[in-house]
Amino acid sequence: MNKKSSQTLISQKYDRKGLLSEIWQRIRTNPGAVLGMIVLCILMLTMLYGIFFISYEQVTKMNPLQRFKPPSAEHWFGTDEMGRDLFLRVIYGLRYSYSLAIGAVAMAFVIGTFFGSLAGFFGGRVDTIIMRTTDIMSSVPTILLGMVIVSVLGSSTLNLLLAIGITASPMFVRMSRASVLTVRGNEYVEAAQAIGMSNFRIVFTQALPNALSPLIVTLTSRMGTAILEIASLSFIGFGIKVPLPELGALVSSGRNFINPAPHITIFPGLFIVLTTFSFAMLGDGLRDALDPRLKK
Amino acid sequence: MFIYSIKRILWLIPTIICVSFIIYALMDLAPGTVVDSMITSEMTKEDIAELRAQYDLDKPMVYRYGKYMLRLVQGDLGKSQVSGLSVWDLYTSRFPMTLRLALVSLCIGVAIALPLGIFAALHSGTIWDNLTTGIALIGISMPSFWTGLLLLFAFSYHIKIFPSGYNGTLASYVLPAVTSGFMMSASTTRQTRSAMLEVLRQDYLRTARAKGVSERMIIIKHALGNALIPIITQVGMMLAFSLAGSVVIETVFMWPGIGQLTIEAINRRDTPLACGGIILTLILFITMLLIVDLLYALVDPRIRAQFAPARRRKSA
């Protein structure tokens, strides 16, 4: 073997791609994940359109002459019990569901991963304390905690965020702990210790980045669950209240008129299904793409 | 195994204490106290202080919580502020409704999920597999209240076959049970499929085939038998979640169960009832999860072996 070809062999073998580009390479070949991603992009763009081009006045303006109109060219999703355009209301409402879900899951991710990595890296007493607390936290169902927090502290976006973020974090603690445990014994961690890096820096600059991929999968599939939870809480009256068009609240306001006007219930619900479904597809695709057993 | 079970059961006590303390503390934080509505303009400062002392409001919250838990153990959670009935009695009178609905839904869910999951696993990689998993994924993505409302519209308002709420007949079980059974079946189908796929790869199935065991026996006895362990866990968790999360389905179908009881209590600011209801549901939920965990260890010989005395493990 001449020198040149062995060099290219080495450079091929050690061609370092970032985690993101590697994920992207594998996701591209998974039709489900691509579909999920495309739908999510469209939904996000729709939400942005709603933020920039639909005003609060437009979605709350009542029109008594146009009540319970079925879907038409003028009103794509029909109108509700006060003659408000349902299409505008649904698009306007996306921001609540999405921002809450993103906020709550991001909060759970940051808190969960922080404590989980510490537990996994240090082990011993730190591990015991963190994991026992996690066990206790994970034994409270989201809906119950949400009901208590909202009924005591009032129904604000922040309280909903807290309720869902807190109940979502135990999963991230467990996942990140398990991931960090698997990479803890690797040589590069030892090397980092040998050059005198502090334990904190090792955890967050060496161990955690290499243990990130299962966490990304959880993050994605957890988004769908969060959207369902937010909608459920709003539906039973412990979330965002009715004048604001959150998706769950819209379904809830439509239920009283389901007999003459089922479209008020159907359309907001469809958007919940579409969002959750896309996140689930993307999550499943990511899981397959990041599964180390499938690595070539 | 025995020691493990005892450890797990003992661990239940601090969990319940912590969790119920958090809930109690949150409820206690709520603005306003029990005595606020009893104070009249004629009362002197001393009277008010005495009244507050009667309800232990002059003592720290931990004291009130301790007293509360002591009474809970004896089945006395105080009286509802609205109806004057005992919280414990109210809860236990509504609980069978929730339990019955959950059990019927569970049967429906399992009856759909098991065959579908096995079917998908046996045809893995084909269009049938994709179709089944696709439907299951949609099922997971549908909010239960939305599914319930659509069914309500289709089979109660449009075609009038089933009642829209509870009226004591068996027919009123159909819609809520189908709704929550469908939700359960979605995730159980996925679990069944992946458990079966895992088992179908094993060598002992090849051995069984080599012995000439019929394909039907292989699937039902050899494969499903082993795949059942994670499925049982999933089903147990589903039951626990459907008891704790019964609020949503009960709101849709006006079902007089514990979820409705709790919501009504919260909406009427009936704190003893709301607090008691939530804490009892929580204890139920935690206990169910523990039972599922212990069952898992009990059913799976591999896990049981981990806790067997070392002497026996060596000889095995």
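Predicted model: local features only at pLDDT ≥ 70, side-chain atom pairs only at ≥ 80, totals over all residues.
# Briefing on chains A and B

B:Met254 sits in the loop of chain B that runs between helix H10 (246-252) and helix H11 (258-267). In chain A the secondary structure consists of 13 helices and zero strands, and 51% of the 296 residues of that chain are buried.

- The phi angle of B:Met254 is near 50 degrees, which is a positive value in a residue other than glycine.
- B:Met254 counts as exposed because its relative accessibility is 51%, and the cut-off for that class is over 50%.

**Packing of H4 and H9 in chain B**

- Helix H4 (residues 87-122) and helix H9 (residues 215-244) of chain B pack with their axes 10 Å apart, at an angle of about 145 degrees, and their crossing is right-handed.
- On the H4(B) side the contact is made by B:Phe95, B:Thr98, B:Leu99, B:Ala102, B:Leu103, B:Leu106, B:Val110, B:Leu114, B:Ile118 and B:Leu122, while H9(B) contributes B:Ile219, B:Leu224, B:Ile231, B:Val235, B:Met238, B:Leu239, B:Ser242 and B:Leu243.
- An α-helix has 3.6 residues a turn, so residues three or four places apart point the same way.

**B:Ala227, a buried residue of H9**

- B:Ala227 is also found in helix H9 of chain B, and it counts as buried because its relative accessible area is 1%, against a cut-off of under 20%.
- When its neighbours within four places in sequence are left aside, B:Ala227 is in contact with B:Ala195, B:Met196 and B:Val199.
- B:Ala227 and B:Tyr157 are 70 residues apart in sequence, and their C-alpha atoms are 41 Å apart in space.

**Overall build of chain A**

- Read from the N terminus on, the elements of chain A run α-α-α-α-α-α-α-α-α-α-α-α-α, and the C-alpha trace spans about 80 × 50 × 30 Å along its principal axes.
- Of the contacts in chain A between residues at least 6 apart in sequence, 72% join residues that are at least 24 apart.

**Helix H12 of chain A**

- Helix H12 (residues 247-254) of chain A is mostly covered, with eight of its eight residues buried; these are A:Leu247, A:Gly248, A:Ala249, A:Leu250, A:Val251, A:Ser252, A:Ser253 and A:Gly254.
- What covers the buried residues of H12(A) includes parts of both chains, namely helix H5 (86-122), helix H11 (213-235) and helix H13 (263-290) of chain A, together with helix H6 (144-158) of chain B.
- At the start of H12(A), the backbone nitrogen of A:Gly248 has a side-chain oxygen of A:Glu246 within 2.7 Å.

**A:Arg222 in helix H11 of chain A**

- A:Arg222 lies in helix H11 of chain A, and it counts as buried because its relative accessibility is 10%, where the cut-off is under 20%.
- Apart from neighbours within four places in sequence, the residues in contact with A:Arg222 are A:Val105, A:Ala168, A:Met171, A:Phe172 and A:Glu229.

**The loop between H4 and H5 of chain A**

- A:Met82 lies in the loop between helix H4 (56-60) and H5 of chain A, and at 32% relative accessibility it counts as partly exposed.
- Once neighbours within four places in sequence are set aside, A:Met82 is in contact with A:Met62, A:Asn63, A:Pro64 and A:Arg67; the C-alpha atoms of A:Met82 and A:Gln66, which are 16 residues apart in sequence, are 7.7 Å apart in space.
- A:Glu74 lies in the loop between H4 and H5 of chain A, and its relative accessibility of 62% makes it exposed.
- A:Glu74 and A:Glu190 are 116 residues apart along the chain, and a distance of 66 Å separates their C-alpha atoms.

**Cysteines**

- The count of disulfides over all chains comes to zero, where a pair of cysteine sulfur atoms would have to lie within 2.5 Å to be counted.
- A:Cys41 counts as partly exposed, at 45% relative accessibility, whereas B:Cys107 counts as exposed, at 54%.

Key:
Residues numbered from 1 in each chain as written. Chains lettered and ligands numbered in written order. Heavy atoms only, no water. Buried < 20%, exposed > 50% of the residue type's maximum accessible area, 1.4 Å probe, protein only. Helix = DSSP H or I, 4+ residues; strand = E, 2+ residues; numbered from the N terminus. Contact = heavy atoms within 4.5 Å. Polar contact = N/O pair within 3.5 Å; in protein donor to acceptor, adjacent residues only side chain to side chain. Axes fitted to C-alpha atoms, helices over the stretch in contact; angles between N-to-C directions. Left-handed = near helix turned anticlockwise from the far one by under 90°.
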